[in-house]
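Here is a short report on a structure with two chains in contact. Please read it alongside the sequence and the model.

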Amino acid sequence: MEKEKNVKHISKDARKWFLGYLKKYYFKLGFALLLVTFSAALSFVNPKVLGLIVDEVIGDGVNINTEKLPLYVGIMLGCTLIASCIRWLRNFIFETASQDMLFDMREGVYKNLMQKDFAFYNKNRTGDLMSRQTGDMQAIRHCVAYVIYNMYECTLLFFAAVIMIFTVNAKMGALMLIPVPFTIICIILQSRAIKPKFAKIRDRFSSLNAFVQENISGNRVVRAFAKEDYEISKFNKENDGYREAETDAATVWVKFMPIFEVISASFSVILLVVGGYMVINKTMSLGQFIMVNGYLWMLNNPLHMFGWLVNDYYRFIASVEKIYNTISAKPDIMTPRYPADVKKIKGNIEFKNVSYTIEDEDVLHDVSFKVKAGETIGIIGATGAGKSTIMNLICRFFDATEGEVLVDGVNVKDLNLHTLRDGIGMAMQDVFLFSDTIEGNIAYAKPDCPFEKVKWAAELAEADGFIMEMADGYDTIVGERGVGLSGGQKQRISLARAILKEPSVIILDDTTSAVDMETESHIQVALNALKNETKFIIAHRISSIIGADQIFVLDGGRIVESGNHEELLAKKGYYYTVFNHQYGDFNNIRSLYATDKGVK
Amino acid sequence: MARNKYDIDEELEEKFDLKNVKRLKKYLTPYRKTFALTIFMMALSSVLSIGFLLVMKDGIQVIEEYVNKSLYTKDYVLKRVVIDALIIIGITVVNAFFQSKKITLTTKIGQGVIHSLRYDIFEHLQQLPFSYYDDKPHGKIQVRVVNYVNELSDLLSNGIVNTITDMFSLIFIIIIMFALNVKFALIAMCGLPILIVAIAFVKTKQRRGWRLSSNKTSNLNAYISESINGIRVTQSFVREEENEEIFRRLNNDSRKYWMKAVIYNFMLGPIVDFITTVTTLAIYVWAIYMMIGGVFGITVALLTTFSGYISRFWAPITTMANFYNSMMTAVSYLERIFGTIDEPVIVRDVKDAIDMPKIVGNVAFKDVSFSYEDNVKILSDINFSVKAGESVAIVGPTGAGKTTIVNLISRFYNLDSGLLTIDDIDISKVKLKSLRSQMGIMMQDSFIFSGTIMDNIRYGNMDATDEEVIAAAKTVCAHDFIEKLEDGYNTEVNERGSRLSAGQRQLISFARAILADPKILILDEATSSIDTETEILLQKGLARLLEGRTSFIIAHRLSTIKNSNCIMYIDDGRIVEKGTHDELMKNPDGKYYKLYMSQYDFLAK
């Protein structure tokens, strides 16, 4: 019960959200509906004129009077021309309005998605989100372009007919209203039955989409494990599920359609039996009877359509709700209403007793440290110790569960999100490149910057060399996620991308793991030249962080050791062990091989 | 083939080709009987509709005759009217049954056709080479499998049924028209050539229009997909506004080209309307002058009856024109769908491919050369052989071709020249599945599927028990961190591997690779994001693991590979040095020596 109430509540908000977009086009749509009214009215003219031609021109077929013929021909041609134009215009307006609205809506949803925080993206699959922008948008477009006007036309015709019949014979008119309540009940019942079915279709569609999306993204793994057959069998389930949902919805429609048909026929029955009785008993004239018969199609046709329209309408509702549910969740991480007055961050960073917990898992526990602008910080520690989390807290991709993260003495929660992130250049662990040119990827932060700048950043990141060796140099298009580049090349492009931003804080989150030692040492020299920037270097190789002003050793979400290289070695703790493992044989090597070299 | 990005249109052959439409036959044939049944029922339904009108007419006529001519008794008239009403209800019920049956059947056809079309495209995608996926944004591939296919459902069911039904009624009406009056019929038919000319005129533009439009939609989809996948980068680089600008541009293109294409669709309706009026009028005017001339046999009744048929004549033509319209839209989707299905499978089982026998693990490269694109050689004349159970380390600068070498062993690509054998069997002669299922491959990018961690590891071997999965996780030191997650092995993760660090993801895909219990193990940067302490533990487990397996290891951390049986230094697509660690270290001018010593450079400073 509680749940149902909740669903209803959402659907009300969803409607509001949709109408918010439609509002802009009320005038346009209103005008188009007016055109529908006109064209409906015009459709009565031609039969009438043809009747006049028969009556007045041909007459009894002997004394033909062609005097008025050109006039009638002119009227009919004119009317058809006007009707054609109106029809074209009407289609055009509905289509434009629906496309314009779709444009706004897509943009709105896109902007909304851009604002969503990581928590949201961790919950939603890419394919699901894509369905919101593709299939669901199409259902909405269809509704605005076709359903609205058809609904209007049907209702218009129906009530026009009822009114006409009323003017002919009030009793008959009243009788024709008898099926109306049944129609309404039928519509309501159908709506109830069909709504969950369409919601299911949208779910299945989304799920199919998400599955296909993952299969495409993970195609290398699928191949490597020769799991094509397994993927196909999983796909079959999704494909079957979608078909089943569609068929299921059709079953509901199949059940209700005959009822609409019968109701539609009931008008004829009423006329024939009741009307016939009235004519026989002389309470209605034969002429009236014939006239009412002439209007019957206007009652019948809309009823044939109603079932369809209800169907289409709920298809549309299902999509509106789906989109609204996706976008309505407010992100937890937003720029505060009154952000601190900071234009550009300097790079002083402080953690005060910061803890971060997600789903009962202690990721960071009581972490405190202070970094002055321009310092280089090395972070080392076990996989999953919380190294990247510290970086994500600085960029405010997450909010600390406890404690404060301060940048230049201001809590990051009080900063304008853009100012904060503008000041930080992050080369992430998981390099994501866009399917764009290399230049476009490096200049991601400043798409309009001159080429020299791009080259400068690439040189600092030791990427210029291999880029220039490529056939198209900086204009080489890299595939999505940087396919075609080796791991080390991707990392260097990602580093160049961060450098180009000229940030106050540079974060290298394990960015040189796939880069060979020699290249890495060149990169370090280049980075050391950037004096004013605060640098965070997360790494597993001691060589990457040896020159840092401070090194934090993380374990189980806590800073267990800190100090510079020498101090940490002296502590003979975790850092010392790691160092020994990596370089313990240095002295041996020197004695073993250096002598060889000496001999030579 | 040039690589494609989100705002580049994909080129397609310019000529209109009916072959894409013809190919649909394959998908429609299984439903031949269903189609026939549906059309038969629709024919019955039309007969019933006519019956409905006749009965109605009978009722009205009886009443009319009673009033005007006082032919029948009151009771008789009432009885007859009630009987008519009952017949009407009967007809309606039967007709409604047919109509609803039609919906069931057309849904079955429509959904069935797109179901198998989608299966075919998906199945084919599973065979396409990496290059297919590398060269175009994934959003563009995706939209073919899901959205484009969906667009066809209504057309291929209702569209076809209605068109065929209408064709029959059209023939029927034409016969009646000619039977009524040949000259009138000829005049009415005069409209057809006009319509055909109009359609031919619109067709070329319409086709171009839809093609462009589907291109723009594809671009938009590609960008949406990329925007979602790259959201972390976008947010950390504060690129939201620029992206919105690009999105607006693509969104606008999509709208603009849709409108351009759809405008041609709108033209047909009004044209048909106009032709109907003109031909009706022509017949009237002509008849009137005939009457004046005193031509025998032209009566008012004939005229009104005939003009009734003119509108019935054009109604099915309108439906057919609409079908044609939708077909035009559909063709632009079909081209893409079939285009994908036609995409050549480069790496495939040869004709007489045999099953790879159980692999022992001897691998040999003989004069192997390889290039991704025609002009750029990646590997040249690679020669080496590895005995079963040996471990081979591959080192060298980034981009030297290390990953390429191991990719060739799994036959992800075909060789340009040379021979690659496993246990002396040319791997290009064996079935791909039998080859790859015996190898454990861990790639640079550790892709995580959405599902539980258990599922992700089990991907390596679907038949593995939970215990085996856990054992694999323990071997690669992943067990501890997995246990700490709130739901342990049942923790849900998703494709972006949220919540897991890069190192953790590597450990999971490592476990996945060894769960297959492969004879050949390929580790491409398997431990690059793993901390040293875990690595030490891992090394111990690994030593045990590698026993009895041939392994290829690519790593930048040289501590990982020091104990390999053979180390190959690759530079610029060639093996420049080969030997054990100790052997290679004897040559102080060698590349490996330099590489190894460079680790310590910073200590010497």
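Which residues touch the most other members of the largest nonpolar core?

## Nonpolar cores

Of the 241 residues in that core, Ile379(A), Ile442(A), Ala457(A), Ala461(A), Ala496(A), Ile507(A) and Ile537(A) touch the most other members. A nonpolar core is a set of buried Ala, Val, Leu, Ile, Met, Phe, Trp, Tyr and Cys residues joined through C-beta atoms within 7 Å. Buried means that 20 or more other C-beta atoms lie within 10 Å of a residue's own; exposed means 12 or fewer, and partly exposed lies in between, with C-beta atoms placed from the backbone. Helix α11(A) supplies the largest share of this core, 19 residues. Apart from it lies another core, of 85 residues, including Ile359(B), Leu435(B), Met443(B) and Ile554(B).

Ala496(A) touches Ile442(A), Ala457(A), Ala458(A), Leu460(A), Ala461(A) and Ala463(A), leaving out residues up to four places away in sequence. Contact here means C-beta atoms, placed from the backbone, within 7 Å. In soluble globular proteins, nonpolar side chains tend to be buried together.

## Basis of the model

The model is predicted: local features need pLDDT of at least 70, side-chain atom pairs count only at pLDDT 80 or more, and totals for chains, interfaces and linings use all residues. Residues are numbered from 1 along each chain as its sequence is written, while chains are lettered from A and ligands numbered from 1 in the order in which they are written.

## Sheet in chain A

Six strands of chain A form an open, mixed sheet, in the order β6-β7-β8-β3-β9-β10. Its edge strands are β6 (424-427) and β10 (558-563) of chain A, each pairing on one side only. From one strand to the next, the twist averages 15°. Axes are lines fitted to C-alpha atoms, for helices over the stretch in contact; angles run from 0 to 180 degrees between N-to-C directions.

Strand β9 (residues 550-555) of chain A pairs with β10(A) in the antiparallel sense, over five bridges. Within this pair, Ile551(A) stands opposite Gly563(A). Strands pair if DSSP finds at least two bridges between them. Helices (H or I, at least four residues) and strands (E, at least two) are DSSP runs, numbered from the N terminus.

## Sheet in chain B

Chain B has an open sheet of six strands in the order β6-β9-β10-β3-β11-β12, with mixed pairing. β6 (439-442) and β12 (574-579) of chain B each have a single partner strand, so one side of each lacks a neighbour in the sheet. The twist averages 15° from one strand to the next.

β6(B) and β9 (residues 520-524) of chain B run parallel, paired over four bridges. Gly440(B) stands opposite Leu521(B). Helix α18 (residues 502-515) of chain B lies across both strands, at about 170° to β6(B).

## Domains of chain A

An automatic or database assignment sets the domain bounds. Chain A is divided into domain 1 (25-100), domain 2 (116-328), domain 3 (338-423 + 506-526 + 537-585) and domain 4 (424-502). The C-alpha centres of domain 1 and domain 2 of chain A lie 30 Å apart. Their contact takes 10 residues from domain 1 and nine residues from domain 2. On the domain 1 side, α2(A) gives the most, with six residues.

## Contact between the chains

How many residues does each chain bring to the contact? Chain A gives 140 residues and chain B gives 149 residues. Helix α11 (residues 228-280) of chain A provides 25 residues, the largest share of the chain A side.

Terms used. Two residues are in contact if their C-beta atoms, placed from the backbone, lie within 7 Å.
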